[in-house]
Amino acid sequence: MNATELRASLGLSGIYALRMLGMFLILPVFALYAQTLDGAQNHTLIGIALGSYGLTQALLQLPLGMLSDKIGRKKVIYGGLLLFALGSFVAAGAHDIATLTVGRVIQGAGAISAAITALLADLTREENRTKAMAMIGMSIGTTFAASLVLGPLLAKYIGVNGIFALTGALSLAALIGVWLIIPDPVSSRFHSDTEANAKRLPAVLKDPQLLQLNYGIFALHAAQMAMFVTIPFALIKTAHLDKTQHWQVYLPVTVIGFLLMVPAIIYGEKKARLKQVFVGAIALMAAAQLGMAMALDSFWQIVSWLGLYFIAFNILEATLPSLISKIAPADAKGTAIGVYNTAQSLGLFLGAALGGWLYTRFGPTGVFGFTSLLMLSWLLWSLAMRPPMPVRSVMFHIGEDWRGDAGDLSRQLAAVAGVHEAVVVLADRVAYLKVSQQQWDEAAVQGLIGATF
């Protein structure tokens with residue numbers, strides 16, 4: 001990466017992390033806090049308040065990404081960060097559950113994920129974009145793990161309303177960071193690898209393999225939100241742990257989950273055993289949910305099942321985007337990711353809302369019975385999944401002065417040893433390839449691409 005690309009990648013990763021930190025920090029303490037507000041008669045309202053963020057995210061994520069193509073990336077990002085800050089301050093000042101829900105809805109309206117990745121694509125060359133996107137992915141994972149520990153600690157010193165206020169301040173700091181740190185792109189255009197294309201939506205939505213993965217991310221995050229409507233109360237009941245001490249449970253299980261995730265992912269990718277690792281993680285997740293459905297009256301059993309949960313969760317969070325990249329058509333990767341992110345946001349909303357309702361009607365057993373069914377249905381569906389090809393995505397720029405036939409070049413590139421799929425998109429001036437992870441003739445590809453200048 002050159003200096004501009006590194007600056008853009010680090011800066012946008014940091015901005016993404018600041019925004020996600022605000023969302024994640026409240027997860028372990030939200031339900032306990034919300035029940036103290038006026039109007040929070042039952043867990044259904046608490047669940048809706050927690051998940052309402054995801055509903056507006058799901059509705060606005062793709063449209064705002066497309067809007068950034070027309071009015072500019074930074075304008076959409078500025079607007080989204082201002083909305084997120086406004087929602088945070090509304091939530092910070094809430095004295096009743098309705099106002100808190102309004103604040104969460106406004107927070108979710110700041111759906112800038114697609115605009116951020118599009119800006120990152122504008123500021124990085126094709127050959128470095130995968131690295132840049134990986135940096136954002138790492139920032140999200142690190143932020144989530146840190147938030148489960150920091151959330152309860154911050155609640156002790158500044159309260160949950162203070163966390164919301166801090167979230168608003170971080171969002172404003174991120175806005176200033178976009179203005180002062182992130183370079184303005186020389187040119188801004190559509191990128192098939194990071195942005196959704198409405199014309200490619202039908203193909204993506206009909207693909208059975210992608211549908212299975214979209215259901216998976218929906219189920220994974222629905223279960224996560226339902227869990228955080230329930231587990232904080234179980235920890236108080238069984239271990240008499242104050243909410244400010246819950247980090248003592250979350251810290252070891254998240255660290256163990258991260259440490260065991262790394263060798264599993266390396267094994268799956270290097271040995272072309274990704275399906276086995278993936279299905280195994282879903283089975284482990286199902287076992288964790290079933291265990292919590294039957295054993296929430298014992299503190300150490302809760303900790304044990306949470307440990308298994310975080311091992312499975314971390315593996316699945318890492319493998320799902322990789323599988324999307326391997327399975328999605330080379331020229332529709334951005335569209336597939338956009339649909340995937342929308343399914344995730346819907347899972348956040350429905351999981352929290354249904355989790356709250358089930359807790360009210362049937363208690364913790366009903367919640368984890370529901371999440372167990374989600375995981376078991378996903379497990380059964382995943383068994384029929386075709387093993388993904390051991391490929392990775394690469395991109396090459398096509399010279400601006402080239403006027404040849406894109407179809408011919410696509411066929412020539414696809415015929416190169418180790419190339420499984422090749423699509424030349426002249427509108428992007430890019431050749432999108434899926435190549436073997438083991439060996440492919442890069443020199444031959446570069447020779448063909450070089451001939452296009």
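Visitor: How do the residues lining the second largest pocket divide into nonpolar, polar and charged?

Guide: Please keep in mind that this is a predicted model. The second largest pocket holds about 300 Å³ of space, and 16 residues line it. By class, that lining divides into 3 nonpolar, 6 polar and 7 charged residues.

Visitor: Which element gives the most to the lining of the second largest pocket?

Guide: The residues that lie nearest the centre of this pocket are Ala121, Asp122, Leu123, Thr124 and Arg125. Two or more lining residues come from each of α1 (3–25), α6 (113–123) and α7 (126–180). Among the elements of the second largest pocket, the one that gives the most, with 3 residues, is α6.

Visitor: Which elements give two or more residues to the lining of the largest cavity?

Guide: The structure has 1 cavity of 30 Å³ or more, and about 80 Å³ of space lies in the largest cavity. Its lining includes Ser393, Val394 and Met395, as well as Tyr432, Leu433 and Lys434, and by class the whole lining comprises 6 nonpolar, 2 polar and 3 charged residues. The elements that give two or more residues to this lining are β1 (391–397) and β3 (430–436).

Visitor: Are helices α3 and α13 roughly parallel or roughly antiparallel?

Guide: Two packed helices are described by the angle between their axes and the distance between those axes. Helix α3 (residues 43–71) packs against helix α13 (residues 333–383) at an angle of about 165 degrees, and their axes are 7 Å apart. Because angles over 145 degrees count as roughly antiparallel, the relation of α3 to α13 is roughly antiparallel.

Visitor: What is the make-up, by class, of the contact of α3 with α13?

Guide: The crossing of α3 and α13 is left-handed. In the contact of α3 with α13, the residues divide by class into 12 nonpolar, 14 polar and no charged.

Visitor: How many residues apart are Glu195 and Arg73?

Guide: A search of the whole structure finds 6 salt bridges, and in one of them the side chains of Glu195 and Arg73 meet at 3.2 Å, N to O. Glu195 lies in the loop between α7 and α8 (201–206), whereas Arg73 belongs to helix α4 (residues 73–92).

Methods:
Residues numbered from 1 in each chain as written. Predicted model: local features only at pLDDT ≥ 70, side-chain atom pairs only at ≥ 80, totals over all residues. Heavy atoms only, no water. 1 Å grid on protein atoms, 1.4 Å probe; cavity = no way out; pocket = protein on both sides within 12 Å on 5 of 7 lines; lining within 4 Å. Points joined across faces, edges and corners; volume = space filled by probe spheres on them. Helix = DSSP H or I, 4+ residues; strand = E, 2+ residues; numbered from the N terminus. Nonpolar A, V, L, I, M, F, W, Y, C, P; charged D, E, K, R; others polar. Axes fitted to C-alpha atoms, helices over the stretch in contact; angles between N-to-C directions. Parallel < 35°, antiparallel > 145°, perpendicular 65-115°, else oblique. Left-handed = near helix turned anticlockwise from the far one by under 90°. Salt bridge = Lys/Arg side-chain N within 4 Å of Asp/Glu carboxyl O.
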